[in-house]
Amino acid sequence: MATVAVIGLGGMGSRMAGRLLDAGHDLVVWNRTPQRASDLVARGAVAADSPAEAARRADLVITMLSDPAALQEVVEGPQGILAGATASTALAEMSTVGPAAVRRLAAMLPDGVGLLDAPVLGSVSEAESGSLRIFVGGPEPLAQRWMPVLAALGSPMHVGPLGAGATAKLVANSTLFGVLAVLGEALALADGLGLPRDTAFEVLSVTPVGSQADRRRPAIESDQFPLRFALSLARKDADLVVSAAESAGVELPVAAAPGSGSRQPRRPTLATGTTRP
């Protein structure tokens, strides 16, 4: 068992923190809005007054934040992680912030502070059930040291040196946007050409998007779409993919298309298979 600090208690971070409590770890939490920590504190977590205090108290600090700017503020602010981390501290950056933010974080940390980039694939239901896919980048000994803690959150996979986790997450995300767009267009085409929905889903089940069609079918047919992921965060992730590709000299016209131009073509909605401006 370890003392773990979780910094960032949004939809994902709060559920991940709960999983760590259930696994028996001592838990320290911090969130910009302190009220979000109340349920976890009632279950036995300790609320820190600042990210610096959380870092001082913990063996492992997990950050789960919205974007690179939030990470920079939490790490580098006057009472940020840098102010509390010591040579005995390890940090697991589990947000989706891209390789550039991980490189900046590594450059800012004091000597001796261990760093893993370990972003997750999955949404709130996977965070709650402990079935996230976790892409771990960093030195092999450090990754192995903290794999048992990360395993309380899902299935960690060591994918390479520092920065490889952030890269792997962008690679995974780059497929999701395209697949969902193709699925929506396929259903719109089926509706437009008069193919019954049941038949359309049967056809799609034998295509490369079959698993996604099966997964999304209950929500599409019920027209009930509980929030799993904010659109603003999805756009942030798409921008990270495009930015990283540009830095590497890789052209991704499909990934870049949603942000190009002020006038967008009419596109299908995954909910109804109809079109909208």
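The structure is a predicted model. The chain contains 13 helices and 11 strands. Its radius of gyration is 20 Å, which agrees with the value near 19 Å that a compact globule of 277 residues would have.

**Overall dimensions and packing**

- Taken along the principal axes, the C-alpha atoms fill a box of roughly 65 × 45 × 30 Å.
- Of the 277 residues in the chain, 45% are buried.
- The chain exposes about 14000 Å², and carbon and sulfur atoms supply 57% of that area.

**Helix α6**

- Helix α6 spans residues 98–108, and its buried residues are G98, P99, A101, V102 and L105.
- These residues lie on the same side of α6, because they cover an arc of only 160° around the axis.
- An α-helix has 3.6 residues a turn, so residues three or four places apart point the same way.
- The other side of α6 carries R103 and A107, both of which are exposed.
- The cover over the buried residues of α6 includes the helices α4 (68–76), α9 and α12, together with the strands β5 (90–93) and β6 (114–117).

**Helix α10**

- Helix α10 comprises residues 197–204, among which A200, F201 and L204 are buried.
- An arc of only 95° around the axis holds these three residues, which puts them on the same side of α10.
- D198 and E202 are exposed on the face of α10 turned away from its buried side.
- Elements covering the buried residues of α10 include α9 (164–192) and α11 (210–222).

**T63 in strand β4**

- Strand β4 covers residues 60–63 and contains T63.
- T63 has a relative accessible area of 0% and is therefore buried.
- Although T63 and A92 are 29 residues apart in sequence, their C-alpha atoms are 6.5 Å apart in space.
- Leaving aside residues up to four places away in sequence, T63 touches I7, L71, I81, L91, A92, E93, M94 and S95.

**A164 in helix α9**

- A164 belongs to helix α9.
- The relative accessible area of A164 is 18%, so this residue counts as buried, the cut-off being under 20%.
- A164 and V136 are separated by 28 residues in sequence and by 7.2 Å in space, C-alpha to C-alpha.
- With residues up to four places away in sequence not counted, A164 touches D117, G137 and V159.

- D223 lies in the loop between α11 and α12 (231–247).
- Its relative accessibility is 45%, so D223 counts as partly exposed.
- Most residues other than glycine have a negative phi.
- In D223, phi is near 60°, a positive value in a residue other than glycine.

**Aromatic rings**

- A search of the whole structure for aromatic pairs finds 0.
- R145 lies over the face of W146, at 3.9 Å from the ring centre.

Note on methods
Residues are numbered from 1 along each chain as its sequence is written. This is a predicted model: local features need pLDDT of at least 70, side-chain atom pairs count only at pLDDT 80 or more; totals for chains, interfaces and linings use all residues. Side-chain values use heavy atoms; hydrogens and water are left out. Buried means under 20% relative accessible area, exposed over 50%, partly exposed in between (1.4 Å probe, protein chains only). Helices (H or I, at least four residues) and strands (E, at least two) are DSSP runs, numbered from the N terminus. The arc is that of the directions from the helix axis to the C-beta atoms. Contact means heavy atoms within 4.5 Å. Rings of Phe, Tyr and Trp (its six-membered ring) pair if their centres lie within 6.5 Å; planes under 30 degrees apart count as stacked, over 60 as edge-to-face and the rest as tilted. A charge sits over a ring if NZ of Lys or CZ of Arg is within 6 Å of the ring centre and within 35 degrees of the ring normal. The radius of gyration is taken over C-alpha atoms; the globule rule is 2.2 Å times the number of residues to the power 0.38. Accessible areas come from the Shrake-Rupley method with a 1.4 Å probe; for residues, only the protein chains shown count as cover.
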